[in-house]
Structure formats: C-alpha cells, structure tokens
Amino acid sequence: MDRVIVAGGGLAGVRAVEALRSKGYEGELTLISAERHKPYDRPPLSKAVLAGDVDDTTVDADWDGLRCELLLGERATALRLDAGRGGTVETTAGDLPFDGLVIATGATPITLPGDGPQHVLRTLDDSRRLRAGLTPGARVVIVGAGWIGAEVATTAAKKGCEVTVVEAADTPLANAVGPEVGGLTARWYAEAGIDLRTGVKVAAIEHGGLLLADGDHVAADEVVVGVGVRPEVGWLAGSGLEIEGGVVTDASLRTARPEIVAVGDCAAWWSRRYGRRLLVEHWDTALNAPEVAAASLLGQEAGYDAAPYFWSEQFGKMVQYAGYHPVAERMVFRGDPAADKWAVCWLTGDRLDAILTVDRPRDLVQARRIIAAGTPVDSGAVADPDVPVRQAVKV
C-alpha cells in the first residue's frame with residue numbers, strides 16, 4: 001500500500017492518520033477536509049466555545065511528523081473504484097488516486113423547511129455565528145430537546161437570553177433514552193427559566209420565528225435547529241459500496257472492499273456484542289475506533305466492539321451514558337430521580353446492558369467496566385445507591 005486517502009477532517013480523520021503512522025505505514029498520506037480549519041474537537045462547540053470561554057479546540061497533532069498532506073477547505077464529491085483494488089476519490093481539489101481509503105466524512109445536521117434563517121451546531125464556524133446572537137434579552141428558540149438542544153439552551157439561558165425549546169416528542173430525550181427517563185429532565189428546563197413546549201411540531205422556519213404545524217407562530221430573534229444529523233455519505237452514491245444509514249462495515253470496520261474502511265459518525269459497523277449494526281455519533285467512537293480501522297486497512301486482525309459511551313453537560317449537571325439500552329429487558333432506578341444525583345440501569349437477566357448517571361461519575365466508571373466485561377450483577381444491589389456498582393458484581 002503506497003497511497004492512502006483519509007476523507008474527513010474531524011477527530012476520526014486525524015486519529016486515523018496518527019494510527020496509520022504509529023502502526024508502521026510509510027507511504028503517501030493525504031487528509032481532505034471540507035472545513036478550512038485544522039481538525040478540532042467538537043464537544044466544546046455547544047459548551048465552552050458557545051459560551052465564549054474558549055475559541056480554539058484544535059487537536060494537538062504533529063502534522064510535519066505525521067508527513068500528511070492537508071487539503072483543507074476541499075470536499076470529496078465522488079468515489080470511483082477500480083475493477084481490482086483501489087480507485088479514485090473525486091474532490092474539489094482534483095482527482096486523488098488511492099490504494100487505501102479511510103472514509104471519515106462524519107455527518108451533516110438536519111435542517112427544517114422554510115426561508116427564514118436557522119442555525120445548526122456542527123462546526124466551529126456554526127458555534128461562533130450562533131454565539132454572536134446570544135445577547136441578553138434575545139429571543140432564542142431551539143427546535144429539539146435532545147442533547148444538543150439542552151446544551152445550547154443551557155448556554156443561552158446563562159447569557160440572559162429568553163429561551164424557548166420546542167420538541168415534537170412528549171418529553172425531552174425521548175429518542176435517546178426513552179420517554180420515561182427523558183421526562184425526568186423536563187423540570188431542569190423550568191428550573192433554568194426556559195419555556196419547554198413538548199408535543200409541538202414545526203411546519204417551517206420563517207423570518208422572525210417558527211410556524212408551527214397547528215398554525216401558531218413563535219417569535220424569535222435566533223432559531224437553532226437541533227433535531228439530529230445524517231451521515232455524510234451522498235458522495236458515495238454509485239460507488240458500489242453498501243450504504244445502510246451509514247457506510248456498512250464488518251466488526252473490523254472494513255467495507256466489502258478490504259482496502260476501504262469507514263469510521264466515525266458515517267460508519268454503520270457490526271457489533272458482535274449486540275448482534276446488530278450500530279451507527280454511533282459520539283466523540284468516544286471517533287476517538288478510539290480509528291485504531292482498529294487503521295489496523296484493518298494495513299491487513300492486521302482487529303475488531304471494534306466497544307460499548308457506546310457519551311456525556312452531556314446541561315443545566316449544571318453532568319449526564320453520562322454507557323452501553324446500549326434498546327436490547328435490555330427492564331429498567332431499574334438507582335436512587336431517587338427527584339434528587340440531584342441519581343442513575344438508571346438497564347438489565348437483561350443479570351447482565352447490565354446500559355447505565356445513565358446524573359452527577360454520579362463513580363457509578364458510570366464502574367458500570368462501564370462491568371458492561372465491557374459482561375460480568376453478571378445482582379439487580380437488587382445495582383438498585384441500591386449506597387452500594388458501589390462494583391460491589392454489585394455476582395461472585
């Protein structure tokens with residue numbers, strides 16, 4: 001293998017570059033990124049960057065030492081595969097032939113219909129533009145009470161904005177953790193002085209606010225849309241690669257073409273742990289999966305089967321999640337969810353499938369290890385907040 005292209009300049013892209021070099025790849029290496037910035041961390045965009053506490057989250061990478069050509073502000077537009085091995089990535093900077101390809105093009109925020117201005121929050125430039133509008137007294141309307149919506153609402157309220165959050169589901173976080181658990185977070189909005197309106201659908205973004213499906217209008221100076229993302233895979237149309245939500249890969253992050261791997265928000269990888277295909281759009285996957293993708297690309301045996309993990313800082317609380325709860329049989333609370341600190345565990349038999357914690361970081365760390373190891377637990381002990389999670393393990 002003499003020429004590897006990494007398509008995508010997010011965290012997954014830069015980690016793939018680093019992993020390829022650390023595993024001994026000595027050939028030509030090019031990273032193409034649609035953004036003009038060097039790769040940077042995204043989690044602070046809805047927190048410290050939006051708040052104005054920091055302005056730069058560039059990943060600390062030694063590009064000279066990595067001997068990687070950076071094509072910033074350029075975009076992959078198509079993929080042509082040769083009959084045998086390798087092919088060409090068509091880009092706005094010209095055609096780039098390859099014999100190895102890492103697809104790490106990430107995801108694109110979903111926008112809503114209408115001719116009015118709407119913010120999304122995916123890039124550094126997005127965050128800076130929105131930050132300029134978060135002034136005291138500004139009417140900020142956020143569509144979507146998911147993770148991003150809650151974090152933006154938190155920051156906007158702290159800046160003295162008049163914040164309204166509109167959510168189509170009946171509770172916040174209904175898609176992420178289910179309506180029962182998501183509903184427990186609704187009071188956080190009220191405590192922060194935010195007007196949360198659930199069960200409300202948006203028809204269009206108009207100049208000056210939102211047009212709702214029932215015909216009502218919500219006035220706004222700034223509209224933020226946080227209703228999810230779609231994997232950035234349109235450029236792969238007609239390439240022959242299988243797309244199922246994201247780029248379909250095996251447990252080693254290989255596509256059907258062994259010289260092509262996919263990683264990060266655009267990869268739909270097979271999880272042996274859960275017996276299904278997962279598409280995980282979180283920082284932890286972008287950080288760790290590239291190690292496996294690079295090994296697979298270089299012909300080494302490797303597999304990625306981590307339990308998903310993510311966190312959110314909202315309304316002065318640290319919310320963390322590990323595992324995959326849709327496979328679970330039942331849910332048990334660990335502590336009183338009306339209190340400031342609590343957790344919820346999802347179990348199947350004596351297997352801990354997932355945990356969500358609110359300001360209980362030790363629970364999260366200990367449970368994450370148990371989930372990874374598949375160690376059986378006593379459900380009664382797990383439900384007792386006075387028993388450390390590690391002591392709930394069955395002997």
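Reader: Is Trp283 buried, exposed or partly exposed, and what is its relative accessible area?

Author: This is a predicted model, in which local features need pLDDT of at least 70, side-chain atom pairs count only at pLDDT 80 or more, and totals for chains, interfaces and linings use all residues. Residues are numbered from 1 along each chain as its sequence is written, and side-chain values use heavy atoms, with hydrogens and water left out. Buried means under 20% relative accessible area, exposed over 50% and partly exposed in between, with a 1.4 Å probe and protein chains only. Trp283 therefore counts as partly exposed, its relative accessible area being 29%.

Reader: Which geometry do Trp283 and Trp311 have as an aromatic pair?

Author: Rings of Phe, Tyr and Trp (its six-membered ring) pair if their centres lie within 6.5 Å; planes under 30 degrees apart are stacked, over 60 edge-to-face and the rest tilted. For Trp283 and Trp311 the centres are 5.6 Å apart and the planes stand at 80°, which is edge-to-face.

Reader: How many residues apart in sequence are the parts that this pair ties together?

Author: Helices (H or I, at least four residues) and strands (E, at least two) are DSSP runs, numbered from the N terminus. Trp283 lies in helix H9 (residues 283-297) and Trp311 in strand S22, so the parts tied together are 28 residues apart in sequence.

Reader: What is the angle between the planes of Tyr309 and Trp311?

Author: Tyr309 is buried because its relative accessibility is 10%, while Trp311 is partly exposed at 23%. Their rings form a stacked pair, 6.2 Å centre to centre, with an angle of 25°.

Reader: Which element gives the most to the lining of the second largest pocket?

Author: A pocket is an open set of points on a 1 Å grid over the protein atoms alone, where a 1.4 Å probe fits, with protein on both sides within 12 Å along at least five of seven lines; lining residues have an atom within 4 Å of a point. The second largest pocket holds about 170 Å³ of space, a volume being the space filled by probe spheres set on the points, which are joined across faces, edges and corners. Of its 14 lining residues, those closest to the centre include Lys47, Thr154 and Glu313. The element that gives the most, with 4 residues, is H5.

Reader: In which strand is Thr164 found?

Author: Thr164 is buried because its relative accessibility is 9%. Beyond four places away in sequence, its contacts (heavy atoms within 4.5 Å) include Val140, Asp195 and Arg197. The strand is S10.
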